Amino acid sequence: MSKQEQHWGKTRALLFTTLAIWFVFSMGIFLFGAEMESITGPFGYPLTYWFTCQGSLGIFVILIFWFANRQEKIDEEFGFSERGED
Amino acid sequence: MIKGNFIDNLPKVYGIYTGGFIGFIIIMAIAEQAGMSAKAIGIAFVAFTVAIYAIIGYLSRTAQADAYYVAGRQVPTVFNGMATAADWMSGASFVAMAGGIYFKGYGYMALLVGWTGGYVLVASLLAPYLRKFGCYTVPDFIGTRYGGNLARLSAVIVLTVASFTYVTAQINATGTIASVALDIPFQYAVYVGLISILLCSMLGGMRGVTWTQVAQYIVLIIAYLLPVFWISNKIGAGFFPHFMLADEVARIAELEGQYGFVKNAAADLKTVPKGLAGITKAHSAVNATPWAFISLALAMMMGTASLPHVMMRYFTTPSVKAARKSVGWSVFFIFLLYSSAPMLATLSKLALIDPTLPTGIIGKSISEVQAIDWYQNWNQANLMFISDFNGNGTVELNEFFMGGKAVVLATPEIAGLPYVISGLVAAGGMAAAMSTADGLILAIANAISHDVYYKIIDPKAETAKRLVVARVLLVVIGFAGATIAAMEIQGILGSVIWAFDFAMSGLFFPLVLGVWWKRANKEGAVAGMLLGLISGAGYLIWVRNGGSGFLGITQLTFGIFGSAVSLVAMVVVSLMTSAPNAAMQRMVDEARVPAGKTILGKQ
């Protein structure tokens with residue numbers, strides 16, 4: 001396998017991980033919205049309510065930064081990252 | 001005070017700007033105490049902020065194509081994040097969102113999840129790869145990746161349909177705020193709004209829009225957060241509302257249980273002015289089926305990843321790496337406002353319905369409420385209404401009606417904040433609507449000037465001539481949008497959601513598969529774009545005319561159907577026709593690697 005194919009393989013694996021986490025917090029948990037309602041979440045809010053107004057949103061912010069860092073590491077590993085500027 | 005390169009001095013420049021703006025708010029507060037009228041304060045806020053944007057727009061003027069189309073590709077990640085957040089958060093987010101949550105509760109909050117979750121798709125599937133292509137516009141990517149004028153033109157058509165639907169709503173919002181703040185008729189206010197919008201983008205194109213959007217973000221976030229924190233402290237709900245409103249949420253549920261959701265008779269509802277609504281759904285309880293919630297969130301997420309005015313913001317970063325990080329900053333800055341909207345809705349609702357608070361009106365006598373100053377003001381503005389349906393002389397939960405906009409615009413006044421805050425909120429709403437309108441008009445004008453005029457009609461045109469065409473189009477499209485906005489055909493929020501559905505119907509899969517599926521070819525992409533757009537639009541028309549729809553797909557989520565058709569059409573047609581040639585496949589390989597020159601930079 002060429003270097004480029006390996007790089008793309010890892011990139012794709014990272015994509016699937018990212019999309020799996022994304023799916024859980026954007027859609028997966030809301031399948032159980034009614035079941036989670038009676039649970040008390042962070043800061044005392046009902047759990048479903050908390051996810052819709054803070055939890056999922058915050059997780060997306062963290063997820064994107066995490067993804068960006070991981071992808072950068074993959075690029076560096078194969079010597080495909082850009083030099084200099086940020 | 002400022003030496004050297006502008007880009008290096010950005011934190012300083014915007015630091016001074018923010019300080020200056022806060023100083024202005026303080027001066028206005030002092031002027032209010034000294035007896036300045038409410039109307040004069042409103043005018044001062046809107047005029048002052050718009051004048052600043054116009055100055056930034058003028059200072060950013062340029063005669064270079066690179067600066068005009070992609071701000072010279074040197075916008076640092078954090079600032080591009082702020083600009084994207086302003087570009088993204090429209091009049092609908094600023095003025096209508098808290099109202100939607102106030103009335104519809106949980107079911108409506110699918111929009112919060114959808115309008116942030118979409119950025120995960122932007123970051124992982126698209127932005128870095130499109131940045132590597134080095135294109136000026138989204139159709140430019142489609143045209144380069146798939147080859148041929150037909151693909152390029154199809155992309156321009158989808159872009160124009162989606163963005164134009166969106167922009168009329170934004171010009172409408174600008175007009176509404178300008179007409180309230182400046183006290184002029186809506187029909188004229190729309191054009192005042194338009195001229196303000198064009199002042200930011202005409203001379204500097206993307207460069208002008210970028211630096212005004214950063215300035216607009218600062219205004220809109222201060223204008224949104226300050227009242228939320230102030231009201232929360234004033235009614236004793238907590239010093240930091242986001243972490244401390246659990247008791248208030250529980251208290252609302254308790255009051256709702258006590259009052260019950262009484263259904264009004266149809267004849268009674270007819271007396272309520274158009275556009276006003278009462279509270280008919282629980283505040284924090286799950287009141288939507290999982291699919292209703294998830295389908296709306298999904299449509300908004302895929303729409304986010306297909307809207308060209310957002311995507312083109314990531315063409316302005318210095319590198320592929322920066323484009324990825326910049327998406328993270330964008331959602332962070334959006335998060336600051338979106339996580340505050342439910343808090344504002346909670347505070348607003350509690351202030352109105354809790355009889356133990358001095359501001360509460362439920363349970364008071366009708367005549368007493370009718371005598372309150374703020375009630376009279378907002379009743380006159382057609383945003384509030386009470387009526388004694390059951391004839392018992394007191395206001396019940398089902399007898400109080402409010403417009404969606406009133407939650408953001410009127411709550412400061414209801415909670416007894418000084419008028420200077422209402423002026424600030426007007427300036428913030430104006431900033432939100434203007435920044436989005438600018439991004440959208442620019443996206444359409446750039447696509448037509450770059451992709452249709454320069455790439456298809458006259459590839460030999462000189463830069464000066466191209467930029468003249470781009471500017472003329474900017475004005476023409478702006479006026480067309482304003483003219484339609486002045487007719488007031490649809491509501492603000494409805495047309496914003498439609499724009500997402502149109503964009504995802506036609507563009508989501510052609511963009512994503514362009515990067516992630518090498519076998520995708522020109523014929524497939526064209527079929528995907530056109531059939532997706534047509535079937536999505538067809539579904540919308542069908543449902544609007546009484547069609548029953550299927551799979552629970554409504555007129556707000558028709559993009560799910562459109563994009564499914566687009567995916568199938570694209571895959572089937574691609575496989576039936578020949579694979580893209582070797583050169584094109586190599587191009588895709590190169591786009592997948594951040595290092596090296598951009599694809600278009602090599603040609």
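Two residues are taken to be in contact if their C-beta atoms, placed from the backbone, lie within 7 Å. By this criterion, the contact between the two chains takes 41 residues from chain A and 43 residues from chain B. The structure is a predicted model, with an ipTM of 0.94 and a pTM of 0.92. For chain B, the mean pLDDT is 86, and 98% of the residues reach 70 or more.

It is worth looking at the side of chain B that touches chain A. Five helices of chain B each supply at least two residues to this side: α6 (110-133), α11 (241-244), α12 (246-259), α14 (290-304) and α16 (320-338). Of these, α16(B) gives the most, with 11 residues. Sorted by class, the side of chain B that touches chain A has 5 charged, 8 polar and 30 nonpolar residues.

Strands of a sheet pair through backbone hydrogen bonds, in either a parallel or an antiparallel manner. In chain B, β2(B) and strand β3 (residues 400-403) are joined in the antiparallel sense over 3 bridges. Within this pairing, a phenylalanine faces a phenylalanine: F385(B) stands opposite F401(B) in β3(B).

Terms used: Residues numbered from 1 in each chain as written. Chains lettered and ligands numbered in written order. Predicted model: local features only at pLDDT ≥ 70, side-chain atom pairs only at ≥ 80, totals over all residues. Helix = DSSP H or I, 4+ residues; strand = E, 2+ residues; numbered from the N terminus. Nonpolar A, V, L, I, M, F, W, Y, C, P; charged D, E, K, R; others polar. Pairing = 2+ DSSP bridges. pLDDT = per-residue confidence, 0-100.
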